[in-house]
Amino acid sequence: MQNLDSRPAPYVKDQTQEAAEEERQWEATEVKEADHVPDTMQTPDVPPPTPAKDQFQEELVIRPLHSGDIYASFQFRTMWDTDFLRGSKVSHYRLFPKSLGQVISKFSVRELHISFTQGYWRTMQWGQPFLPSPPGAELWVWFQDTVTDVDGAWKELTNVLSGIFCASLNFIDSTNTVQPSASFKPLGLGNVTDQRFLRYAVLPREIVCTENLTPWKKLLPCGSKVPVCLMFDALMKVASSQSFRLSYNTSEVCITPICAMCKSTVWELRQTLNVVFDLHTSGQGKREWSLFKMFSRTLTEACPLASSSKVYVDGELFELSPTTPLLSQAVVLGDRRTYSVYDLTNQATFGQTRSLNMLLRWRAAESGDMLRPLLHGERYVAGYGLQTGEIHTLMYNNHPYRAFPVLLLDTVPWYLRLYIHTLTVTSKGRDNKPSYIHYQPSKDRLRPHLLEMLVQLPPNSVTEVTMQFERALLKWTEYTPDPNHGFYVGSSVISALVPSVVAMDTNSTRECPLFSSFFPCKEESSYFMRVYTEPLLVNLPTPDFSMPYNVICLTCTVVAVGYGSLYNLLTRTFQVEEPSPGLAKRLANIIRRLRGVPLL
Amino acid sequence: MAAPLTLLLIVAVTIRAVLFRSSLAELIPERVEVVSPLNAWKRVVEGLALLDLGVSPYAGDVFHETPLIIYFFHFVSDYAEIVFMMADALTAVALYLAVKDYNKTVFRKQKYALEAERYPLDCLELIRTPKEMYYIPLKVAMFYLLNPFTILSCVAKSTCGLNNAVIALFILCTVKGSSLMSAIFLALATYQSIYPLTLFAPALLYLLQRLYIPVNWQRSSFWLFTTQYTFMYLGSLCVMVCLSFFLLSSWDFLSSVYGFILSVPDLTPNIGLFWYFFAEMFEHFRLFFICVFQINVFFYTIPLSIKLKEHPIFLIFMQIAIISIFKSYPTVGDIALYMAFLPAWNHLYRFLRNIFLVSVVLLACSTLFPVLWHLWIYAGSANSNFYYAITLLFNVAQILLVSDYFYAYLRREHHLTHGLYLKRKDGSEATLVLK
């Protein structure tokens, strides 16, 4: 066990660093000067010269997807240089939401990640999302190492968050909470990797609706007074009116301590809202699109509290109508894209009409070839009947020549009894033995199965992980209100360091110095990525809910038959049967006995 | 007699070997009638796999075998098929020898009684003859080895076969009069599945009877032997439990094995009465009914011991039957063990009241189990009530079978003291009733 634990350590460290690096890359993405206009923008990472201890940034990224849908990602970042945990109680809140601040200090939270998602991100059609999340609700929290009763704190925290976000997070209990050993590392500061302080839970059944956005929006400093935020209102109306179909929406909140200039710890609150607008099925697939069309409103000003407020449009496929002088190149998830940037803090952006309404027209009828996601996961249940079954997890490595290791995390509820000895991992028809397996078997009604393993994915291959399970019959009170709908099993999580696509980009048309391209390897040669598979819906055998009384009566009758017949034989003895006299004779005898006359 | 027995063993092993090689070997271990969470081979393999991963097999809720079993199979899991076939053969041989010895004792006792002219004159047709008793041991072995229930259980590699072997060896040692071995095997059987605890009383009675010590509270020899036997039993039980502790250096197995047997958390359907009852139970009555149902298994020991104190081997049969009907996770392997004893009581045949009905019901239920299971689980055209109804009927039939044999035994004993053809006071022919 000792060496099993130690084996993945270097990798894990890598991954953490890499994750942090990746994070920074995104932040540190330089806005390269476009050739004609000098850039006056500040890069977001440089703190403002004013000694303000907190700052707020907002951002909207619009990206067309190759399926013709539009991916809009709202990001809000609040940073506050304060100490929630030590010293005097923090009571003066400016930009940072007070409700979350109190949660952090009360429960000694080191890091908190929560996401609510409706729909499933179709990786093969849409490419990678900026921030992946599983369908339903996901919550993972790192506690400070000063917390003694982690389970108690977790229980309370989930209940508090359930109130803050108006979601059924209170359904998180020990039966769906796990402590992954390697898949979830702190993204922020702190090198604590003791999994005792980590709790991870997914509620795949959680229904996320637009109502969940209201409490989420309340955490923003600008509320709904300013345009970018105002779009939520529009969004909510849009979503409820069904004029556009949202194929996918996810709202996330992450709180991490990060390091600002590495002098002090800064609390970072990131709120992200990702939406995919389904333009085709809503009958508006004219491949022409504007802010007004989508949100029924235009942008008129930035949030006055925001230190930076920008709209990024992935413009490689678009013709943008108010053109912008600013361009930005960003490498996200190994993919280098050029974005047009609209700086909302700059009044010139809004032009004469004092409002910004971007009009985007697709450049070509065909959107060109999409970069296939290098890593992709799928999952399904095989087998028929309600007795046994088999979970198949498929992991695709689409990289043409690089193999890379992935960490697979599977959380399966206890009522699917997994058999670890039936675990098989095959790639290209050959057995692929995982180099690290962390398996925690389930306890009935107490904790789920946890399976984590490190698998090397060969290049250009599909790796299939299968495992058999047995479906348990539950007590009749343990079934959900609609038992024949089935039970959800949360997504499995695939975490990997994926070799960058940029590195394998052999397109030499890009203007770069010749000396930089001797080896097809760039500084960002691999990046951290997390992929969630589909959740599973599994049917369990059900008892007949209508007849508890009948069952109790019938079974007790059978036991009583056993008891009665044995009791009969044990307590009675054999006797010769004397014929009983007739009724008249018996009555006569009673009378005779009363009279004191000899009996008949 | 050795030749027919050898032939029987060869036939039995051949059948099993053929079935192990057939496609049924995949199907049978999945049958809920044949394996329970306690003794499924799949779970033994899982336990070994967990051990290989460095996880305690008792950390999860899949493995419920005792630590000795896991260490046993740690070495022989590759030869599991041979082990299970040998266990069956061993059980059959042990039962064969035990019944042979027991028949000798019965016959000797009967001879003394005849010489002392203790039997009424009209009971001569109840007297057992050596001719009819000659083939009984072979029939017992045959009933065990060729019983489809045993064969299914063996092909499924259910560890129930091993428990049966231990109990058979216990019976053999008891009948042979070796109190130490008897105590050790009884402790082993108890260690494996608690319930054989109730066999303590018949074993003690038999050994006392063999040593001509009357069951008399005033006699010191009675107390001496009882203490001695109890001590041997508890001592060996203690050794086994401590050995298990040292093998895994944790006490987890106690809750995972015995807690699991007693508190019935796994409601996987089986042929018993517990699963559906506790699936449909109201939460606040659960503890009460678990206590009632578990006490029910142990409850009959004392009254039965009092009633049958002169007939400990029949008492063993009764106890094994009651255990296999009322235990929390019964399988067909348990039933096969007590059914093997039925040929030993074939002299009771004339007093059985509803053997035809019971055997027809048992046969019908055995065939309906897979049918209704298929309808519920695979076809979806039936629901759990169908399968539940069959388990109820199956258990009623078993109860009737056992109580019928009990009735017949008591009645024969009554006739042996009071005469076969009883007369009323007025001289007309009388019928016997229980009063």
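Let's start with a pair in chain A: A:Asp444 and A:Arg417 form a salt bridge, with their closest N and O atoms 3.1 Å apart. (A salt bridge here is a side-chain nitrogen of Lys or Arg within 4 Å of a carboxyl oxygen of Asp or Glu.) A:Asp444 sits in the loop between strand 20 (436-440) and strand 21 (449-457) of chain A, and A:Arg417 belongs to strand 18 (residues 416-427) of chain A, so the pair ties together parts that are 27 residues apart in sequence. Helices (H or I, at least four residues) and strands (E, at least two) are DSSP runs, numbered from the N terminus. Both A:Asp444 and A:Arg417 are buried, where buried means under 20% relative accessible area, exposed over 50%, and partly exposed in between (1.4 Å probe, protein chains only).

Before going on, a word on what you're looking at. This is a predicted model, in which local features need pLDDT of at least 70 and side-chain atom pairs count only at pLDDT 80 or more, while totals for chains, interfaces and linings use all residues. Residues are numbered from 1 along each chain as its sequence is written, chains are lettered from A and ligands numbered from 1 in the order in which they are written, and side-chain values use heavy atoms, with hydrogens and water left out.

Back to the charges. Over all chains, the count comes to 24 salt bridges. In chain B, B:Glu81 and B:Arg21 meet in one at 3.3 Å, N to O. That pair links distant parts of the chain, 60 residues apart: B:Glu81 is in helix 5 (residues 80-115) of chain B and B:Arg21 in helix 1 (residues 2-21) of chain B. B:Glu81 counts as partly exposed at 22% relative accessibility, and B:Arg21 counts as exposed at 65%.

Another bridge joins B:Glu30 and B:Lys42 (3.8 Å, N to O). Here B:Glu30 lies in the loop between helix 2 (24-27) and helix 3 (41-53) of chain B and B:Lys42 in helix 3 of chain B, so the pair ties together parts that are 12 residues apart in sequence. B:Glu30 is partly exposed at 29% relative accessibility, whereas B:Lys42, at 17%, counts as buried. Both belong to a network of salt bridges that also links A:Arg417, A:Asp444, A:Glu470, B:Arg43 and B:Asp266.

Now for the nonpolar side. The largest nonpolar core has 219 residues, and those with the most contacts inside it include A:Leu375, B:Ile171 and B:Trp345. (Such a core is a set of buried Ala, Val, Leu, Ile, Met, Phe, Trp, Tyr and Cys residues joined through side-chain atoms within 4.5 Å.) Helix 20 (residues 384-418) of chain B gives the largest share of this core, 16 residues. A second, separate core has 82 residues, among them A:Tyr93 and A:Met294.

Take B:Ile171: leaving aside neighbours within four places in sequence, it is in contact (heavy atoms within 4.5 Å) with B:Leu95, B:Ala98, B:Ile316, B:Ile320 and B:Phe341. Helix 9 of chain B is mostly covered, with 16 of its 17 residues buried. Just after helix 9, B:Gly177 takes a positive phi of about 90°.

Zooming out, chain B has 20 helices and 1 strand. Buried residues make up 60% of its 435 residues. Its C-alpha atoms fill a box of roughly 75 × 55 × 55 Å, taken along the principal axes.
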